[in-house]
Amino acid sequence: MRTTKAVRLLAAGAALTALTLLSACDSGSEQHPKKEAQVTKAPVQPQVNRARVDVLPGMPPVEDPADIYSADRPNQLSPAVQGFPTRVYVPNTNSDTVTVIDPKTYKVIDTVRVGRQPQHVVPSWDLKTLWVNNDLGNSLTPIDPRTGKAGKPVDVHDPYNLYFTPDGKYAVVMASMDRQLVFRDAHTMKVVKAVPVSCYGVNHADFSVDGRYFIVSCEFSGEVLKVDTAKMKVVRQEKLPLHGAMPQDVKISPDGKRFYIADMMADGMWILDGDKFTRPTFLATGKGAHGLYISRDSREMYISNRGEGTISVFDFAQNRLTKKWRLPGGGSPDMGGVSSDGKVLWLSGRYNSEVYAIDTRSGTELARIKVGSGPHGLAVYPQPGRYSLGHTGIFR
C-alpha cells in the first residue's frame, strides 16, 4: 500500500505529464500583396516563456517575456495616473487645436488651442504629461492630464512624432523633414544627440523586448531602420521589397519575435524579424493600412485601413486575419488607441473631421463625433501600463 506522500507525488507527476502533452501552438496563413513583393510564411509564434530578459540598463524589468504587454491588462492603471479623468485627446492638424472628448458621453467637452499643425498627442514616459507635437509650429505643447489644461510650449524643431527610450532618459523626436532622429532629455527636451538619416520621412517606431534597439519606418522612401538605443546609432537600413512602399505604424508582437509595419500603399502590413532584420513577409489587410493597436488581452491586433473605411483584426496565435469591420457610411480611420477597459477602439477620421468609437467585441460603431479639421494621432488617456514609449500610447 502506497503512502499518502507517495500518492501525492505520483499525482503531481501525472498532472505535469498531461500538461506537457496538451501544450501546442498553431500556425496560420498569409495573403499576397498586389505588387511584386515576395511572400514566405511567418514563423509560428512560440507559446512558452523565455529566460529572464537582459534589458537595456535602467529599463524596468520585463514582467512576462512571453507577453510584453502583460502590464496593459484592463484597467490596470499605474499609481502615477490615479485620479486622472478618462479623456480622448484629438489633435486637429488643419485647425491647430486639440479636441477633448468625454468617452462616457461621447461629447466634446473642450477645445484647446495649440501650435501649428499638431500631429500626435503623446503620453510621456513617466505618464504625467501629454505632449502635443506641433510639427510646423516647431514646438511641443504640454497638457496636464489631471486638469486638461495646456502649459507653455517648448521649442522643438520638426516634431512630427515622439517616442521615449525604455529607460526613460531620452525623448526621440521623429524629425521627418529634417531627416533626423533627435535624442533629447525626456524632461527638459534639450538636445542630447541629433542622428542624421539617409531615408526620407522618419515616421513611426517600436522597441525590441529588451529595449536595446528600435525599428523605424521611413514613409517617403519605403525603408525601415534598425537603431541601437544605447549608441543612438542606425545599425541597419533596408528598402521594403515593394516599389512605392509607404510604411506607417510599427508594433512588436506580444512575444517580441516580430515587428508589424503597416503600409498604406501596399494595403497591408510587413512582418519583420527585428533581431535578424531579414527580408520581411507581407499580409494584405485593406486599402490604406495605417494604424496598429493591440487588444487588452494581447490576443489580437486592430489594423485601421484608412483608404476603405475598415478595421482588420489579426489573431496572433492563429497568425492570420479573423475579422474585418466596416464603418457604416465609410470613413477614414487613422490613428488612435484602445480604452482602458479594452472595450472600445478609438480612431480619428483623418479626412472626415470626425472620431470613431468602435466596440472591440462586435466591431459595431458606437459613436461618430465631429471634431476639427484633419484629426490625426489621437490619444486615449489614461491607459494601463507602467510606462510609455510614446506615439499615441505604446505602454509596457
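Close-up 1. Asp67 has a relative accessible area of 8%, and buried here means under 20% relative accessible area, with exposed over 50% and partly exposed in between (1.4 Å probe, protein chains only). This is a predicted model, in which local features need pLDDT of at least 70, side-chain atom pairs count only at pLDDT 80 or more, and totals for chains, interfaces and linings use all residues. Residues are numbered from 1 along each chain as its sequence is written, and side-chain values use heavy atoms, leaving out hydrogens and water. You will find Asp67 in the loop between helix 1 (4–22) and strand 1 (87–92); helices (H or I, at least four residues) and strands (E, at least two) are DSSP runs, numbered from the N terminus.

**Close-up 2. The surroundings of Asp67.** A polar atom of the Asp67 side chain lies 3.0 Å from the backbone nitrogen of Tyr69. Leaving aside residues up to four places away in sequence, Asp67 touches Arg73, Pro254 and Ser298, where contact means heavy atoms within 4.5 Å.

Close-up 3. The strands follow the order 9-10-11-12, with antiparallel pairing; two strands pair if DSSP finds at least two bridges between them. At the edges are strand 9 (161–164) and strand 12 (191–196), each pairing on one side only. Strand 10 (residues 170–175) and strand 11 (residues 180–185) are joined by 6 bridges in the antiparallel sense. To get your bearings, look for Val172, which stands opposite Phe183 in strand 11.

**Close-up 4. Strand 14 is largely enclosed.** Of the 6 residues of strand 14 (residues 213–218), 6 are buried, so the strand is largely enclosed by the rest of the structure. In a regular strand the side chains alternate between the two faces of the sheet. Here Tyr213, Ile215 and Ser217 point one way, while Phe214, Val216 and Cys218 point the other way.

**Close-up 5. Strand 14 and its partners, strand 13 and strand 15****.** Strand 13 (residues 202–207) runs antiparallel to strand 14 and is joined to it by 4 bridges. Asp206 has Ile215 as its bridge partner in strand 14. The hairpin of strand 13 and strand 14 has 5 residues between the strands, and Gly211 there takes a positive phi near 75°. Strand 15 (residues 223–228) pairs with strand 14 over 6 bridges, again in the antiparallel sense, and Ile215 stands opposite Lys226 in strand 15. Strand 14 and strand 15 form a hairpin with 4 residues between them, and Gly222 in the turn has a positive phi of about 65°.

Note on methods. Polar contact = N/O pair within 3.5 Å; in protein donor to acceptor, adjacent residues only side chain to side chain.
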